[in-house]
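Please look over the predicted model shown here before reading on.

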Amino acid sequence: MLSFIRIPLALIYFVVVAFVGCFLLLLRPFNPDNTRIFGRIYSWGGTRILGIKLNVSGLERTADMPPSVVIANHQDNLDLYICGAAVPKRAVSVGKKSLLYIPGFGLLYWLAGNVLINRSNSRHSKATLNATTDALTKGNRSIWV
């Protein structure tokens with residue numbers, strides 16, 4: 001019964017954060033910490049609304065982490081609320097280009113400085129990732145895949 005309340009509230013929270021975030025990110029677009037900040041915002045509210053108890057440990061080890069590739073085992077759409085709490089500083093994620101078409105969230109994802117790849121065109125995807133990897137490492141950023 002409680003899920004009938006929590007799921008719509010989580011969806012409303014998702015949309016509100018996306019739209020408010022788009023306006024805020026217009027003031028600091030493509031900043032390498034945008035992904036971490038909004039990941040934490042999504043995680044903070046989403047886990048509380050959905051009643052998920054989250055225990056994140058070891059984040060202090062990522063404080064002085066050199067540019068790295070961070071791998072997360074993406075399972076479902078709840079990962080935004082769960083994995084968002086663990087995004088390290090100066091990390092941007094790699095996502096499929098179709099994320100851009102999610103109203104509000106797509107623009108937020110792009111303005112946060114994340115990398116969008118077209119998975120239907122492998123040659124273009126590889127070229128994008130190669131160029132992105134070079135640019136991100138020179139910018140002292142990590143890539144969250």
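Once its neighbours within four places in sequence are left aside, proline 67 is in contact with Thr137, Asn140, Arg141 and Ser142. Proline 67 itself belongs to the loop that runs between α2 and β1, and with a relative accessible area of 36% it counts as partly exposed, because that value falls between the 20% under which a residue is called buried and the 50% over which it is called exposed. A further point of reference is lysine 89, which is 22 residues away from proline 67 in sequence, while the two C-alpha atoms are 9.9 Å apart in space.

Strand β2, made up of residues 91-96, pairs with β3 in the parallel sense over three bridges. Two of the residue pairs can be located directly in the structure: valine 94 has valine 115 of β3 as its bridge partner, and glycine 95 has leucine 116, also in β3. Strand β2 also pairs with β4 (residues 142-144), again in the parallel sense and over three bridges; here the bridge partner of valine 92 is isoleucine 143 in β4. Ser142, one of the contacts of proline 67, falls within the residue range of β4.

The remaining element to follow is helix α1, which covers residues 3-25. Its 23 residues reach 32 Å from the first C-alpha to the last, close to the 33 Å expected at 1.5 Å a residue. Which residues of α1 are buried? They are Ala10, Tyr13, Phe14, Val17, Ala18, Gly21, Cys22 and Leu25, and what covers them includes α2 (34-50), α3 (79-83) and α4 (105-111).

Isoleucine 12 also lies in helix α1, yet it is exposed, because its relative accessible area is 51% and the cut-off for exposed is over 50%. Isoleucine 12 takes part in a nonpolar patch on the surface, together with Leu2, Phe4, Ile5, Leu9, Val16, Val20, Leu24 and Leu27, and the patch has about 930 Å² of accessible area in total.

How values were computed: Residues numbered from 1 in each chain as written. Predicted model: local features only at pLDDT ≥ 70, side-chain atom pairs only at ≥ 80, totals over all residues. Heavy atoms only, no water. Helix = DSSP H or I, 4+ residues; strand = E, 2+ residues; numbered from the N terminus. Expected span 1.5 Å × (residues − 1). Buried < 20%, exposed > 50% of the residue type's maximum accessible area, 1.4 Å probe, protein only. Contact = heavy atoms within 4.5 Å. Patch = residues over 30% accessible without salt bridge, like charges linked within 9 Å, V, L, I, M, F, W, Y side chains within 5 Å. Areas by Shrake-Rupley, 256 points an atom, 1.4 Å probe, with all protein chains shown as cover. Salt bridge = Lys/Arg side-chain N within 4 Å of Asp/Glu carboxyl O. Pairing = 2+ DSSP bridges.
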